[in-house]
Amino acid sequence: MKLSALGDIVHASVVVQFIRKHIANAHISWFCDARFEQIARLLAGLDEVVALPLKDKKFLKSFEILRQKQGQFDIIIDLQGLLKSALVSRSLGKNIFGFDRFSAKEGMASIFYTHKYSCNYDKNIILRNLELCAFALNFNFDEKEILTKEPCFLKNSRIPNENSRIPSDNSRIPDKNSRIPNRKILIAPFASESSKCYAHFASVIKGAKEFAQCFLIAGSEIERKKATKLASSGATLLAPLDLAQILEFMDTCDLIIGNDSGITHLAWAQNCATITLFGNRSGARNAFATPKNLIIQATPKHEIDAFHIDKSDFCINDIDPAQIIAKAKGLCDA
């Protein structure tokens, strides 16, 4: 299975669990870009992770890795549907399953597949991935099975302690006599594109801190500068964490609120309660709603086309913070 982004890996993570359920003795190898090797190695149920340095343009090294794996697989499934992932699949063998040209993200990719599956591109991405695997491996599943899934990623004991949390210089330090809420909300305010980022998290924090402690997670130095300013609304900015530590910290939280990003989807994969915010992208397609995994969808300027996203549409900022706060309180009180 070839994936090249954290979000893609998380969206596809549940398929391993379903394959194991229906084909217990299967040997499952997962191919991914080397940038995402760490998260892939935390994926429960895999026998092997093969990291390819494609993003670094180390093509000769990637080719040599693929050459050594050639002919070792009975079935190859390309969940990504890109020309690049299709070429990787073809280099491994000939019995390749993928989406047809009307269903794949890049229709040209389907040329390299031996078996092609037709599925509306607008359909929920979790169901798309599961349906392709069910088609390739000849099993059936019910959507209700997703509601009872196990956490998709492995955890370890490296949980960040109190001393590893870095509050913003502007964070409000509670008085020792003040009542500190015993609920914890992790907020993931950043995403890969600016049109996916909600601009009113400060208002959400101010409202939510009445019933929960709010924590912020940030990755890059630019994100951390923005998060430091946002923390002045009453949240605590966490120290930089690796993915294993993020999984551990999520497990201590009552709720994760965030944009359509890898962190929020990771929380869903771990069976954490979530609220995911969507604007110019379809929440129905990109997240799987459950009673404790809520989606708030803004009204886009135009009808959403999953093939051609209008990145100039910042309608996500039309979501009322009060709506998020009310849903957050409901989940924390559940």
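Predicted model: local features only at pLDDT ≥ 70, side-chain atom pairs only at ≥ 80, totals over all residues.
Me: What is the mean pLDDT of the protein chain?
Reply: The pLDDT is the predictor's confidence in each residue, from 0 to 100. In this chain, 90% of the residues reach 70 or more, and the mean is 89.

Me: How are H2 and H6 oriented to each other, roughly parallel or oblique?
Reply: Helices (H or I, at least four residues) and strands (E, at least two) are DSSP runs, numbered from the N terminus. Axes are lines fitted to C-alpha atoms, for helices over the stretch in contact, and angles run from 0 to 180 degrees between N-to-C directions. The axes of helix H2 (residues 14-22) and helix H6 (residues 125-137) come within 10 Å and cross at roughly 30°. Angles under 35 degrees count as roughly parallel, over 145 as roughly antiparallel, 65 to 115 as roughly perpendicular and the rest as oblique, so H2 and H6 are roughly parallel.

Me: How many nonpolar residues does the contact of H2 with H6 have?
Reply: H2 contributes Val-14, Val-15, Phe-18 and Ile-19, while H6 contributes Ile-126, Asn-129, Leu-130, Cys-133 and Leu-137. Ala, Val, Leu, Ile, Met, Phe, Trp, Tyr, Cys and Pro count as nonpolar, Asp, Glu, Lys and Arg as charged, and the others, Gly among them, as polar. By these classes the contact of H2 with H6 has no charged residues, 1 polar and 8 nonpolar.

Me: Is the crossing of H8 and H13 left-handed or right-handed?
Reply: The axes of helix H8 (residues 201-208) and helix H13 (residues 321-333) come within 9 Å and cross at roughly 40°; the two helices are therefore oblique to each other. A crossing is left-handed if the near helix is turned anticlockwise from the far one by less than a right angle, and right-handed if clockwise. The crossing of H8 and H13 is right-handed.

Me: Which residues of H13 make the contact with H8?
Reply: By class, this contact has 5 nonpolar, 2 polar and no charged residues. H8 supplies Ser-203, Val-204, Gly-207 and Ala-208, and H13 supplies Pro-321, Ile-324 and Ile-325.

Me: Which residues of H11 make the contact with H10?
Reply: Helix H10 (residues 243-251) and H11 pack at an angle of about 60°, with their axes 11 Å apart. The residues of their contact divide into 7 nonpolar, no polar and no charged. From H10 come Leu-243, Ile-246, Leu-247 and Met-250, and from H11 come Ile-263, Leu-266 and Ala-267.

Me: Which residues does His-265 touch, not counting residues up to four places away in sequence?
Reply: His-265 lies in helix H11 and counts as buried, at 5% relative accessibility. Beyond four places in sequence, His-265 touches Val-10, His-11, Asp-260, Phe-278, Asn-286 and Ala-287.

Me: What is the relative accessible area of Asn-138?
Reply: Most residues other than glycine have a negative phi. Phi of Asn-138, however, is near 60°, a positive value. This residue lies in the loop between H6 and helix H7 (144-147). Asn-138 is exposed, with a relative accessible area of 72%.

Note on methods:
Residues numbered from 1 in each chain as written. Heavy atoms only, no water. Contact = heavy atoms within 4.5 Å. Buried < 20%, exposed > 50% of the residue type's maximum accessible area, 1.4 Å probe, protein only.
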